[in-house]
Structures are given as C-alpha cells and as structure tokens.
Amino acid sequence: MDRGIEHLISARKLLKTNMAKSKALGLSIEKSGPRLIEISQRLRSLDVAIRPIRADRESLNAVCGHIDRAVVPAAAVLNVFDAIHGLEKSLSDPQTYLPAYLSVLKRLEEAMKFLGDNCGMAIQWLGDIVEYLEDHMVADQWFISGLKKAIDGLRERELGEEKGCLDGGLLEISLQRLEHEFLRLLTENSVPLAMSSPALPGQQACLAPSPLPVTVIQKLQSILGRLIPNNRLEKCVSIYIEFRSLNVRASLQALNLDYLEISASEFTTVASIETYISQWGKHLEFAVKHLFETEYELCNDVFEKMGIDVWKGCFAKITAQAGFLAFLQFGKTVTEGKKDPIKLLKLLDIFTSLNNLRKDFNRLFRDSPFADIQNLTRDLIRRVIEGASEIFWELLVQFELQRQTPPPPDCSVPKVVSFLTDYCNKLLRDDYKPVLVKVLCIEQSWKKRTFHERILISEILKLFRAIELNLETWSKSYLGALLSDSWLREQEQYKDYYSSMFLRDSWFKLPPLLSREGPIYFSVVPVYRSYMPNYGPLVEPEQSVGKYAKFTVQSLENNFGSLFHQKSAKNAGFDARKSSQKLKNGRIAHLQSPTPLQ
C-alpha cells in the first residue's frame, strides 16, 4: 500500500517535470517561428540569387538583352506618365491665358497618344521576357508567378474602360474647361441687334456692329482647333446653335412680333391689319438683310475650317430655331383673307418686299438645309401673284356693280367715287404701277400669254370710264328732282351776282388797255401793217414762210378780235374802236357797283 503511494507520487513528480520541459520547449519553438520564416524568405531570395548561377550560361547571357529591350520602353512610359501629371497645374483655367492653355493641352494630347501607342507594346515585351525566364528556368516559380499577375493586371487596364484614363482623367477635365470657355466667349461678347428708325426718309436704319469682335472669333477658332481632334465638334456646334438662336430670338422679340401669330380667322379684312403688313415688310428686311445676314457671316467665320456643310448646317438650324418661318407664314395668312381693293395694294407691298430681298434669299437660303424656307417662299410668291392678279381683273366688274347702288340723298359726290378715283391713281403711281405690271406679266406668262404696260393703262382707263358712267347714272337720278324742285329758283339769285363779279374781275381791266391810255391795238397793228409790205416779200417765196412770219395783218386783227368775241361766221372781223367803246360805256357803270347778294 505504502509502496503504491510512493510510486504514484514519483510518477506525479515526473509528469510535472515533463510538463515544465514541454512548456519550455513550446516557448522556445514559438520564439523561433519568425526566425524560421525569415530564414525561409532568405532562402528563397538566396535561391533566386543562386538560380542564375545554376542556370545555363548561354541562357543567362541571352536574357540580359531581352530584359534591357523590355525595360527601356516601360521606363519611357513611366517617364511620360510622370510628365503628364506635371502639366496639371498649367491646365487649371483657359480664361487666364488661352494660347498657353492650348499649347499645354496639345502637349498633353501628344503624351496621351504616346501612352496609347506604347503601353500595349511595353506590356507585351514585359510578358515576353517573363515567359522567357520561365521557359529557361532563369527565375523560380514564385517570382515568375508574381510577375505574371502584375502583367495580367496591366493588360486588363489597357484593354478595359481605363484605357483612356491613363492620365487620371486630366484630358477629359481640360477639354470640358475648354468647352466652358467657348460658351463664355459667346455669352460675354454677344448682344442682340437692335433696329433703329432711320434719321431721314429713305435712309437705312442704323445697326449695331458685328456681334463678335475679331479677337473673339479667333479665340473660338483656336478652341475648335483643339476640341475637334478630340471628337467634340458636335458638342461645340450644339453649344453655338443654342446660344446664337437665343440671341437672334431676343433681337426679334424686341420688335414686338406678336402679330405674326395672327390667323386668317382673327381679322375680317386686310385693311384691319394694314399697319401690321407695313411693319412686316420693314421687320422682314431687318431680319434678312441684317440679323440673319450677320449670323450667316458669323457661322462662316467661326466654322469655315470645318467645311461648308458644317457652317451652313449650323446657320440653317439657327434660322429654324429663331422662328424665321413665322414671317413667311404671316404673308401666307394675308393671302388667305377676303378679296377687296385694299388687299391688292397690300399684296403688291408684300411682293415688293419679297422681290427686294430676292437676291438675299437666294444667297442665304439656297442650299438643301433650307428646303422648308424655299418651299414656303415659293408658295407665298405664287399666292401673292395669283391673288393680286385675280383682284385686279375683277376690279372692272366691281366698279360696274357700284352703279346699282343709290346715290347720296344730299346730291353730294358719293364717297365711293372719291375712293375709286384715288385708288386708280394709286395704281398708276410709281410705287405701284411697275410692281403691278411685273406681277401681271408673271401671272400671264404662267398662262402662256403676253402682257405689257399698255394693257395695264387700257384697263385703268376702263375703270375711269366705269366711274364716269356711274356718275352719269347717278346724276340722271337727280335730274327729275332738281327740275321740279325750288332749288334752281333759289340759286337764280346768285347767278347775276356772280356774273357781275366775274366780268368785273376779268373784263373790266381790258378797256383802259384798249383806250387812249393803253392803245395796244393802235400801237401794234399799224406798225405791223407798215412792216409787212416792206419785209414780207423777202420771205413769201420760201416754202417755210410760217417759220419767219407767223401772222398776216388780217390774221393779227382777227386774233385781237377773238379776245373779246366768240368765233362765229357773222363777226369774223373785229372793230377795236367800237368794241372798246361798247365795253367802256355799256358795262362799266354796272360792273363798278354790283349789288350785294342779300
């Protein structure tokens, strides 16, 4: 029993001793773990360092050249990448100094092109050298595996979405800043054009200068020169069209063009919008000759280097977005109004405005992008010519229909007669007659007929004859009433008075001239009678005797006689003494004191 206990105590002590030794060994092993790892790493590095020594000498000699050829382009790529990031500060704001900004941006583009062209090649060469190292066992597998992972990562970046971000997005940001500068130059240097009234009649309206200074246009061209190679032309054109369209619309809105939206159902006659038609001609001339002419030239200046299709397409979109078609639509609306004489004059005004702008239309809107303007303009001209011609050829019928209307009850001249007379005179004025002739010539040519000015004059004379017949018809309706009325008797008392006044103011001054105080007859005729016998025979044999002596003695006496008596067979001769005495004695007393009309 005691012996067993002793064995247990002895075993217990042995176990404690072994446990203490195990703990000490564990602590020792734990402490040696990092050292073992460090030794392992050193062994791997040593193995890598020793591997070339263990490799074939020829392989070692060949790999040096391969490594150099692969590292040189990779090093160049890294140098360029570092240089790119050095340009970032110079590309902060193009407004500060645009030429320098554009120069640095060009260098950035060149650097990006170099990276794009050489990164793939550098990666490929590095991959080739890794494969060579692996094939010839110049390096251990652990090292080669790390190189392969690094190269695969570069390839993924080079072929993926990050291919264009080798600069960290610097080029994209720089181009956006340049677009903002393009818009800023347009915004800060453009103002709407204003149409001012001419100072004198016939003088052209004064206009603002070109909307963009030459220096600004040059800056815009320089900006486009850098944006276009980066596929941003469409964006620039879009910015330009949007802003310039707003600028043109602001210029037009200042003219108060609300009348362009009037529909045919909103006015009863053309006369009710006569003022608007007059304004339309002036506004259309301003819009075409100055506003859109300016935009045409500006588009050419800014986008000239991009080609004619680009700048004309840009101008076409500005014209459309600015609402130019509204001008033509208004003219079409006028042609749809009811027919009346005033409409003829207004249609001629519209034709004059369009005809005066014909060369401008052909130059500005002649290409395919302006098909809508071309079609609507041709349709408007056709409607104007046909409408004006139709009204003109119906005028005679309308004048004749006026004959059926009753005359004014107060026996005054009907207002319609004054209107029609003035209307015909307007058609014969210099501002309407040439236009009307041209319109009718075109209209008749469409019908394969000829027309000339004499036909127009003949038609106008027919209108005057119709007015004359209208007056005769109306005067006859008054005649019966006047003959049976006391009006003639009431006017009788005025007859003697005004006859006396007429004789006193006209003939009363002649007797003194024919009396002894003013012997015209006796001073002229005797002298002429003595002159003709002496000098008359010298020219009588000539065939053109009338060229030298217009009157004979007898014809001169007859002409004096015709001053005081009507020509008749009974008194072909004239006795100046008797006539003078008769006028003096028989009428003077009565003429000197006419009885006033009570």
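Colleague: In this predicted model, what makes Q444 count as buried, and in which helix is Q444 found?

Modeller: Q444 is found in helix α16, which spans residues 433–446. Its relative accessible area is 7%, and since buried means under 20%, Q444 is therefore called buried. Leaving aside residues up to four places away in sequence, Q444 touches W393, R449 and F451.

Colleague: Why is K448 called exposed, and where is its place?

Modeller: K448 lies in the loop between α16 and α17 (453–483). The relative accessibility of K448 is 78%, and because exposed means over 50%, K448 counts as exposed. The phi of K448 is near 65°, a positive value in a residue other than glycine. Most residues other than glycine have a negative phi.

Colleague: How is the packing of α8 and α9 described, and what makes the contact between them?

Modeller: Helix α8 (residues 274–303) and helix α9 (residues 308–322) pack at an angle of about 145°, with their axes 9 Å apart, and α8 passes α9 in a right-handed crossing. Among the residues making the contact are F292, Y296 and F303 of α8, together with W311, F315 and I318 of α9. The residues of this contact divide into 10 nonpolar, 2 polar and 2 charged.

Conventions:
Residues are numbered from 1 along each chain as its sequence is written. This is a predicted model: local features need pLDDT of at least 70, side-chain atom pairs count only at pLDDT 80 or more; totals for chains, interfaces and linings use all residues. Side-chain values use heavy atoms; hydrogens and water are left out. Helices (H or I, at least four residues) and strands (E, at least two) are DSSP runs, numbered from the N terminus. Buried means under 20% relative accessible area, exposed over 50%, partly exposed in between (1.4 Å probe, protein chains only). Contact means heavy atoms within 4.5 Å. Axes are lines fitted to C-alpha atoms, for helices over the stretch in contact, and angles run from 0 to 180 degrees between N-to-C directions. A crossing is left-handed if the near helix is turned anticlockwise from the far one by less than a right angle, and right-handed if clockwise. Ala, Val, Leu, Ile, Met, Phe, Trp, Tyr, Cys and Pro count as nonpolar, Asp, Glu, Lys and Arg as charged, and the others, Gly among them, as polar.
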